[in-house]
Amino acid sequence: MDDVTPTNSQINSEVVRVDLGSRGYDIVIGQGELSRLGDRLKSITASDRVAVVTDETIHALHGGAIAEALSDFRTHMIIRPAGEDQKSMAGLDAVLDSLFRAGFDRSDTILAFGGGVIGDLTGFAASVFKRGATFVQVPTTLLAQVDSSVGGKTAINNAYGKNLVGAFYQPRLVLIDTNLLATLPVRQIKAGYAEIVKYGLIDRPEFFEALDDGIGADVLSLEPNALREAISVSCAAKADVVAQDEREGGVRALLNLGHTFAHALELTAGYGGALLHGEAVSAGMDMAFEFSARLGLCPVPTAKRVQDHLSHLSMPIRADMAPFLTDPDTLLSHMRQDKKNEGGNITLILARGIGQSFIEKSASEAELKAYLKDIAT
Ligand SMILES: NC(=O)c1ccc[n+]([C@@H]2O[C@H](COP(=O)([O-])OP(=O)(O)OC[C@H]3O[C@@H](n4cnc5c(N)ncnc54)[C@H](O)[C@@H]3O)[C@@H](O)[C@H]2O)c1
Ligand SMILES: O=C(O)C(=O)C[C@@H](O)[C@H](O)[C@H](O)COP(=O)(O)O
Ligand SMILES: [Zn+2]
């Protein structure tokens, strides 16, 4: 059989810069890009030690490829079980413990090889390990390639909600190899698509139109051109917002479209896999548009169009969340813990139209409660 591994010169890489001055970094996107990881690492660090944090599923599928890519380095593998419940104190402790036992220094590299769970957990571990070690992201899910590997939000969950314990800690490099997505289950591809369409709904109406015109369906079937376009538009959109507002003092909150609802649904569902983050975000965006229309901020047909786009692609909408919408009071109390809130008011990202989202810093709790009651099952 012919060897189809691309040589370095065959890889057609694209680079998106996250412009954060001395903390700025490249997002490198390409098919087969993993084979260049070693060279790229050598350009950002003098250390030859790398701790690779991954999960059992990814290790079984792609452990050989990352080991080969890092063959010039002394590599220490930290392999965690898969799943959101790894974003916990226990998960953090396990990663830190392994780094200490292996004798890592903060000048060594801690590399997240996985989806958003591994990325958020590893990034947080890197931020606190000896007050901060070199951190690199090699995302392996669509969601991580279009969103979680970029921008430096790292966190674990606790009993009060999602991502409530964490830090802003930027990676030094994000390396995206779209070939890694070939093994990703359809449910996870759809979860990633939610964060892609989010950028269109926030402030890129032309991107939403293109997705709605068929690119969205192509992305879901991993058609290479559509996939690459969606990943690079998403990374560029996120890099632009992060460069303006790294620590979410303002405009970055828009990236949370649908997330106040989503995080409350996820906490209600528990972190055991019944509801994925991207599934909750898909339904949460439907709810944000539905609630905006209910308040008279957004035309009803526009909210319906968003819902139709999602339904047409078999993405979750509010109606699919019935099992998690039974208790409006508890959902509201989860929403009161959201990190965007200020002065006791609930902050929500609402929309006046597609690509016209905005930050509402004092959403009416009475209206929100009435909405949650009306949709309760
Ligand atoms: N930091 C941020 O900015 C940010 C942004 C969005 C989401 N998030 C967080 O990301 C998390 C969700 O991330 P996710 O959707 O990537 O989920 P995940 O990390 O749980 O990965 C999903 C599943 O896919 C498997 N998997 C990963 N790569 C694979 C591959 N190439 N082939 C086959 N299986 C593979 C994993 O083992 C896992 O079971 C949530 O915790 C969410 O809060 C963070
Ligand atoms: O990067 C951001 O900013 C985002 O809001 C991206 C979200 O998709 C992501 O889920 C993020 O982790 C949510 O952040 P949080 O601050 O609400 O925990
Ligand atoms: Zn998200």
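The legends below walk through several close-up views of a predicted model.

Residues are numbered from 1 along each chain as its sequence is written, while chains are lettered from A and ligands numbered from 1 in the order in which they are written. Since this is a predicted model, local features need pLDDT of at least 70 and side-chain atom pairs count only at pLDDT 80 or more, whereas totals for chains, interfaces and linings use all residues.

View 1. Strands here are DSSP runs of E with at least two residues, helices are runs of H or I with at least four, and both are numbered from the N terminus. Two strands pair if DSSP finds at least two bridges between them.

**View 2. Strand 2 between its two partners.** On one side, strand 1 (residues 14-18) pairs with strand 2 in the antiparallel sense over 5 bridges. Val18 has Tyr25 of strand 2 as its bridge partner. The two strands make a hairpin with 6 residues between them, and Gly21 in the turn has a positive phi of about 60°. Strand 2 also pairs with strand 9 (residues 173-177), this time in the parallel sense and again over 5 bridges. Look for Ile27 opposite Val174 in strand 9, and for Gly30 opposite Asp177 in strand 9. Why is strand 2 (residues 25-30) largely enclosed by the rest of the structure? Because 5 of its 6 residues are buried. (Buried means 20 or more other C-beta atoms within 10 Å of a residue's own, exposed means 12 or fewer, and partly exposed is in between; C-beta atoms are placed from the backbone.)

View 3. The axes are lines fitted to C-alpha atoms, for helices over the stretch in contact, and angles run from 0 to 180 degrees between N-to-C directions.

**View 4. Asp120 and Thr140, two annotated residues.** An unreviewed UniProt entry places a "binding site" feature at several residues, including Asp120 and Thr140. UniProt positions follow the numbering used here, feature names are shortened, and annotations may be inferred rather than shown by experiment. Asp120 is in helix 4 (residues 116-128), and with 28 C-beta neighbours inside 10 Å it counts as buried. Leaving out neighbours within four places in sequence, Asp120 touches Lys87, Ser148, Thr154 and Ala155; contact means that two C-beta atoms, placed from the backbone, lie within 7 Å. Thr140 is in the loop between strand 6 (134-139) and helix 5 (142-148). Thr140 has 30 C-beta neighbours inside 10 Å, so Thr140 is buried. With neighbours within four places in sequence set aside, its contacts are Ile58, His62, Phe113, Gly114, Gly115 and Leu180.

View 5. Glu195 belongs to helix 6 (residues 186-203) and counts as buried, with 27 C-beta neighbours inside 10 Å. Beyond four places in sequence, Glu195 is in contact with Leu143, Val146, Asp147, Gly278 and Val281. His277 is in helix 10 (residues 277-294) and is buried too, with 28 C-beta neighbours inside 10 Å. Beyond four places in sequence, His277 is in contact with Gly116, Ala191, Ala262 and Glu266.

**View 6. Helix 12 crossing helix 13.** The axes of helix 12 (residues 328-336) and helix 13 (residues 365-375) come within 9 Å and cross at roughly 140°. That makes helix 12 oblique to helix 13; angles under 35 degrees count as roughly parallel, over 145 as roughly antiparallel, 65 to 115 as roughly perpendicular and the rest as oblique. At the meeting point, Pro328, Leu331 and Leu332 in helix 12 meet Leu368, Lys369, Leu372 and Lys373 in helix 13.
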